[in-house]
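This report takes up the overall dimensions of a protein model and then one of its helices.

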Amino acid sequence: MQPGVVVTGIGIISAIGNGIEETLESLLNKKSGIGQIRWLETSISGIPVAEVKHSTDELAEIAGTATKPGIFTRNTLLALIAAQQSVEMSKWYDSEAHQTGLVMATTVGGMDYNEKHYRSFLAGLETGIGISVLDSSDTTEKVAARFGIHHNITTISTACSSSANAIMLASRLIRNGKLTRVLAGGSDALTRFTLNGFRGLELISSKGCSPFDAGRDGLTIGEGAAILMLESDQTADMSKAFCRITGYANVNEAYHQTSSSPDGAGAFMAMSECLRSAGLKPEEIGYINAHGTGTGINELAEGVAIDRLFGQKAPLVSSTKS
């Protein structure tokens, strides 16, 4: 019988909290983490972002790396903090007890560090080790080293879908008997590259992301990390399990580099395949957490896809981007 996948640990740090207790409290009280730029070194002002409420030095203290040798980017610090929370919650500390893997996701890797030192690099005032942390796998390797994970280490970078793909790959590794336990999730720090890139695309909201709202005017760039401990239900202590991962899917509609197809083909195919994977029918779904970027093109595509799949009986829909 193929193993099932359960979640036994959750770690998160974001603009609305450090840890699941703070995060849940913010969500229940509808507390937004969107505000003015505080830590990112940029000449841009007046654009709201969703920053973690700690300086990089403070994050290093929380992560326990302040006195350790080597370069720990803000992105890596966020990942280490979330991973530590997930490991502690699952009460797992021995990577040799089971076949253990790590699947980490990121978009910008260590760019937050390299942006600060760019001109020094060009002038030859920095050593090559500083360039190495730009690699997306640098964060993955440091998380793996912290917890002694070596059976399978993978980095995924597929833009907005990176962390979802990390959880999906981790689940497949467990269901196919390759591993019995996988730490899976993603992290990204706010960077000038990200902010200026989306600003250049004219997609940044001037007031803060408000998905599916009639007055929405774009997305908000943020930072954070969230990591799950996934385990096989054949070897896990099921008393620690929060939930199961029963279905997943990813597709590539090949419509446009940055835009969704107006008919919602990609979202429709992904949701349909996910339901098939889980053995569920549309009427059995109670809630959809949408991509919900606060942009007209994306939300039109998502809305059309939901209508196609669920008809007049669509479940509740929201996006956490606000």
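For a protein of 322 residues, a compact globule would have a radius of gyration near 20 Å, and the value for this predicted model is 20 Å, which agrees. Along the principal axes, the C-alpha atoms fill a box of roughly 60 × 50 × 40 Å. The secondary structure consists of 11 helices and nine strands.

The whole-protein values are listed below.

| Quantity | Value |
|---|---|
| Radius of gyration | 20 Å |
| Accessible surface | about 16400 Å² |
| Share of that surface on carbon and sulfur atoms | 53% |
| Buried share of the 322 residues | 44% |
| Share of contacts (separation of 6 or more) between residues 24 or more positions apart | 73% |

Helix α10 covers residues 265-278.

Which residues of α10 are buried? Gly 266, Ala 270 and Leu 275 are, each with under 20% relative accessible area. Around the axis they cover an arc of only 160 degrees, which means that they lie on the same side of α10.

Just after α10 comes Gly 279, with a positive phi of about 70 degrees.

Notes
Residues are numbered from 1 along each chain as its sequence is written. This is a predicted model: local features need pLDDT of at least 70, side-chain atom pairs count only at pLDDT 80 or more; totals for chains, interfaces and linings use all residues. Side-chain values use heavy atoms; hydrogens and water are left out. Helices (H or I, at least four residues) and strands (E, at least two) are DSSP runs, numbered from the N terminus. The expected span of a helix is 1.5 Å times one less than its number of residues. Buried means under 20% relative accessible area, exposed over 50%, partly exposed in between (1.4 Å probe, protein chains only). The arc is that of the directions from the helix axis to the C-beta atoms. The radius of gyration is taken over C-alpha atoms; the globule rule is 2.2 Å times the number of residues to the power 0.38. Contact means heavy atoms within 4.5 Å. Accessible areas come from the Shrake-Rupley method with a 1.4 Å probe; for residues, only the protein chains shown count as cover.
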